Amino acid sequence: MIDLFKKSVNGVKKMLLGNQIATRHNDPNFYAAMQMLPNPDVILRKLGKSQEVYDAIILDAHVIGELRPIRANIITKNWRITPGGDKLEDQKAFELAQKIFSRPPVPTTQSSPGMGWPDVFWNIHEAILRGQRIHEVVWNVEDRLTIPSLLLDRPNRRFIYGLENELRLLTRENMIEGIPVDNYKFLVSRHMPSFDNPYGVALLSACFWPHSFKHNGFRFFVKFCEKYGIPWAVGKYPAGTGQAEINALADGLAAMVEDAIAAIPDAGQVELIEAGSSASQLPQERLIQVCNAEMSKALNSQTLATEINGQGSRAAAETHRGREQDNGAADRKIVESTLDQLLVWTTELNFAGAAAPTFEFYDEAEARKDWVEVFSVARDFMGIPESFAHQQIQIPQAVDGEAVLPKSTAPAAPKPATPITFSRVDFAAGDGQSPVAAYSQSLAQAADPIVAQWVDIIRKKLDAAIARGDSPADFQAELLKSYGDLPTDELVTLMELAFSTADLKGIVDVEQGN
């Protein structure tokens with residue numbers, strides 16, 4: 001065992017591994033006289049501006065178009081509160097959490113329209129856009145319980161961090177270093193924070209330069225259209241024409257631009273010349289598209305959904321779906337973590353020692369689909385109680401005499417060529433083993449003879465190659481060739497078992513909290 005202490009000269013033990021060593025107080029790159037840490041965001045620091053630069057970026061048509069599906073992926077998700085344990089105090093904390101989330105975080109009053117939980121979800125989620133979001137919790141006592149009566153979002157400009165990355169509130173009395181904040185008062189949501197950057201990483205910071213170049217490109221694009229979008233009216237006059245006649249011809253051509261009619265001298269001649277371009281796109285237009293693509297990558301990690309540019313719509317949809325699911329799941333964790341902290345505070349203030357409930361988003365449709373696939377495979381070799389199936393798929397059982405939809409008339413899936421023997425699992429046996437765990441164990445046992453058969457075939461082929469004295473290259477070739485001779489029926493069966501076992505193993509891990 002490692003000794004965390006060492007003896008000093010006077011015999012008093014002092015901590016050895018429990019102390020912080022690499023702090024800002026001895027950092028050679030940190031100005032020791034500073035008592036607070038400025039926001040290291042490169043864009044905000046160079047521009048000398050605050051979060052209002054991000055507000056301007058959000059108003060860009062392309063950016064707001066990217067943010068709307070991100071917001072929809074948050075506020076349209078199902079959510080629930082899960083108990084932290086089975087003890088009486090745990091259940092009391094769970095019931096209190098349900099009460100808190102059953103009413104709005106900011107109730108409507110005569111002077112305020114209030115806010116709902118979807119609004120709070122999005123405000124917390126904005127941490128990925130701005131680096132962090134902070135909410136102030138206003139507590140109240142009801143029925144001898146301390147509960148959050150208000151959950152108010154506060155602007156980032158009101159907060160800074162001290163030398164130990166502690167949160168500080170800027171006030172009129174202390175506009176530079178701020179004041180310390182109390183416990184249980186401010187919920188902090190951050191995106192990719194670190195010791196050097198406790199303010200978090202703002203995605204909108206990566207959009208600043210593409211946004212700036214894009215709008216500069218728009219300015220030159222409009223000038224180009226004004227200059228070259230209308231055909232040039234060229235007036236020709238014979239040599240020796242007086243200046244008065246030339247001026248009259250020029251005035252007539254200028255009138256054509258506005259009114260499409262003109263009066264010119266009889267001796268003059270007018271020709272309309274249109275500007276042409278050999279490129280498929282103008283440089284200004286390509287600049288705007290590149291800037292939009294860069295902002296799409298910063299916000300959604302992909303461009304196919306908004307900037308197809310000749311790519312197939314199927315590829316765009318599939319790529320966007322995969323990136324959207326990955327990013328959405330990660331971003332929702334920030335919201336869940338913030339609200340979990342609120343539930344931890346509520347539990348600590350009311351039920352000391354109890355396990356706090358947790359907040360989670362879930363997709364009800366996907367959960368049902370997973371169970372349907374499990375049942376469709378499991379019903380061929382084990383009995384599944386109808387009550388258990390209805391409970392997992394969340395479809396109520398029909399009462400006596402109630403009309404039900406007709407069953408599908410699709411042909412049954414072909415049975416595997418090689419019969420497989422499974423140990424039957426009774427869900428109602430009451431032996432203490434999880435039904436899903438028993439099912440997973442049965443599938444694994446059924447796959448053993450198939451794997452053993454394959455190994456035996458491969459071993460015989462390799463033994464023959466060794467007996468012939470084949471070279472290592474021939475030995476490898478024989479090994480690769482032997483895979484093509486394996487029975488395909490067993491291959492299909494084994495893959496079905498492998499996929500089913502993997503799905504059920506994941507369900508078991510979730511149930512056990514692994």
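The legends below describe close-up views of a predicted model. In this predicted model, local features need pLDDT of at least 70 and side-chain atom pairs count only at pLDDT 80 or more, while totals for chains, interfaces and linings use all residues. Residues are numbered from 1 along each chain as its sequence is written, and side-chain values use heavy atoms, with hydrogens and water left out.

**View 1. Salt bridge between Arg 80 and Glu 360.** A salt bridge is a side-chain nitrogen of Lys or Arg within 4 Å of a carboxyl oxygen of Asp or Glu; by this rule the count comes to 14. For Arg 80 and Glu 360, the closest N and O atoms are 2.8 Å apart. Helices (H or I, at least four residues) and strands (E, at least two) are DSSP runs, numbered from the N terminus. Arg 80 has a relative accessible area of 36% and is partly exposed; Glu 360, at 25%, is partly exposed. Buried means under 20% relative accessible area, exposed over 50%, and partly exposed in between (1.4 Å probe, protein chains only).

**View 2. Salt bridges of Glu 126 with Arg 133 and of Lys 185 with Glu 136.** The N to O distance is 3.4 Å for Glu 126 and Arg 133, and both of these residues are buried. For Lys 185 and Glu 136 the N to O distance is 3.3 Å. Lys 185 sits in the loop between strand 9 (179–180) and strand 10 (186–190), and Glu 136 in strand 5 (residues 132–142), 49 residues apart. Lys 185 is partly exposed at 25% relative accessibility, whereas Glu 136 is buried at 16%. Salt bridges with shared partners join Asp 55, Glu 126, Arg 130, Arg 133 and Asp 153 into one network.

View 3. Two strands pair if DSSP finds at least two bridges between them. Two antiparallel bridges connect strand 3 with strand 7 (residues 159–162). Gly 162 in strand 7 stands opposite Met 36.

**View 4. The largest nonpolar core, with 25 residues.** A nonpolar core is a set of buried Ala, Val, Leu, Ile, Met, Phe, Trp, Tyr and Cys residues joined through side-chain atoms within 4.5 Å. The residues with the most contacts inside the core are Ile 81, Phe 101, Trp 117, Phe 121, Leu 151, Leu 339 and Phe 359. Helix 4 (88–101), helix 5 (117–125), strand 6 (145–154), helix 11 (313–350) and strand 13 each supply at least two of its residues. Helix 4 gives the largest share, six residues. Beyond its neighbours within four places in sequence, Trp 117 is in contact (heavy atoms within 4.5 Å) with Ile 100, Phe 101, Arg 103, Pro 104, Pro 105, Leu 151 and Leu 339. Another core, of 19 residues, lies apart from this one and includes Ile 58, Ala 202, Leu 203 and Leu 204.

**View 5. A nonpolar surface patch of about 310 Å².** Trp 209, Phe 213 and Leu 287 make the patch. Patches are made of residues with over 30% relative accessible area and no salt bridge; like charges are joined within 9 Å, and nonpolar side chains (Val, Leu, Ile, Met, Phe, Trp, Tyr) within 5 Å. Accessible areas come from the Shrake-Rupley method with a 1.4 Å probe, and for residues only the protein chains shown count as cover. Trp 209 belongs to helix 8 (residues 208–228) and is partly exposed, with a relative accessible area of 45%.
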